[in-house]
Amino acid sequence: MEGESNGGMLYHEVQEAKLCAVHCVNTVLQGPFFSEFDLAALASDLDTKERQMMQEGTVSAAASGDFLSAESHNVSLGGDFSIQVLQKALEVWDLQVIASDSPVAEHAQIDPDLENAFICHLHDHWFCIRKVNGEWYNFDSLYAAPQHLSKFYLAAYLDSLKNSGWSIFLVRGNFPKEFPIASSEASNGYGQWLSPEDAERIIKSCNNTQSPQRINSTQQDSNPYQEILLEMEDQDMKAAIAASLMEPSQSMSRVETGSPQKDDEDTKDDNKDSEDKKPQ
């Protein structure tokens, strides 16, 4: 039986600026394998190849004009990378990225526990859900630590993400077995190695905050991805509160207990007016 990868440790990267794509790729690989400069180089290479293909193709000038512009189609000015860049980065390690609605991903839709990693994307935010040493974890970089997911909750969570508009991708192939933790490259400023126990302890220590597992915005630069996701969570909470306030039984109770009292008050007011109007 194979030993635990990375000595049983979990590799997690906390959100830095707008580098969620970098964090996502590295947590899939479970080590600081890529920097933002590596992904930027891949994006530039993809842009060059796309422009060459458009120039050599037979498409009309109007159709190809957008691709021939100086603007990159694989990395935004804000630092967000395209799925093609993430695919290229993971291909370096013999990993394949597959859309969850692809026919070849049918088994994953039935039993996601058969897979090893998922990439999730919405509103320019990327994060990874990864199986490490037989256990599932949510490695969202907006979380202070990896969040453990049970096998049952994994399927429910993925379904919830899909229903909320997230794009889900499977990652298949030969995942790296080890990263030399002792290497000087193991520290990139936002990466950290945690034991499962340490990760659980960090998650629990954050339970008193509004968003238990997400890192405080004051601990990092202003982050549009975090603001979007926190807003989504707030909206869900508000919707749940509104729904609870509109329970039929509660509404009926308010009608039954409130209306007669109001009618009595109205009757008393009418009687008082009548008495006031009696001739003296």
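How many bridges join β2 to strand β7? I looked this up in a predicted model and found 5 bridges between β2 and β7 (residues 167-173), two strands that run antiparallel.

Entry: I then traced the open sheet of 6 strands and recorded the order β2-β7-β3-β4-β5-β6, with antiparallel pairing. β2 (95-99) and β6 (147-149) stand at the edges with a single partner strand each, so one side of each lacks a neighbour in the sheet. I recorded an average twist of 25° from one strand to the next. As background, I wrote down that strands of a sheet pair through backbone hydrogen bonds.

**Entry: helices on the sheet.** I found that helix α1 (residues 20-29) packs on the sheet and touches β2, β3 (117-122), β4 (125-132) and β7. The direction of α1 makes about 10° with that of β4. Helix α4 (residues 83-91) also packs on the sheet, touching β2, β3, β4 and β7; its direction makes about 150° with that of β2.

**Entry: helix α6.** I checked the length of α6 (residues 151-163): at 1.5 Å a residue, its 13 residues should span 18 Å, and the end C-alpha atoms are 19 Å apart, which agrees. Which residues of α6 are buried? I listed L154, Y157, L158 and L161. Seen down the axis of α6, the buried residues fall within an arc of 100°, so they line one face of the helix. These buried residues pack against β3, β4, β5 (135-138), β6 and β7. On the other side of α6, I found F152 and N163 exposed. Just after α6, G165 takes a positive phi of about 100°.

Methods. Residues are numbered from 1 along each chain as its sequence is written. This is a predicted model: local features need pLDDT of at least 70, side-chain atom pairs count only at pLDDT 80 or more; totals for chains, interfaces and linings use all residues. Side-chain values use heavy atoms; hydrogens and water are left out. Two strands pair if DSSP finds at least two bridges between them. Helices (H or I, at least four residues) and strands (E, at least two) are DSSP runs, numbered from the N terminus. Axes are lines fitted to C-alpha atoms, for helices over the stretch in contact, and angles run from 0 to 180 degrees between N-to-C directions. Contact means heavy atoms within 4.5 Å. The expected span of a helix is 1.5 Å times one less than its number of residues. Buried means under 20% relative accessible area, exposed over 50%, partly exposed in between (1.4 Å probe, protein chains only). The arc is that of the directions from the helix axis to the C-beta atoms.
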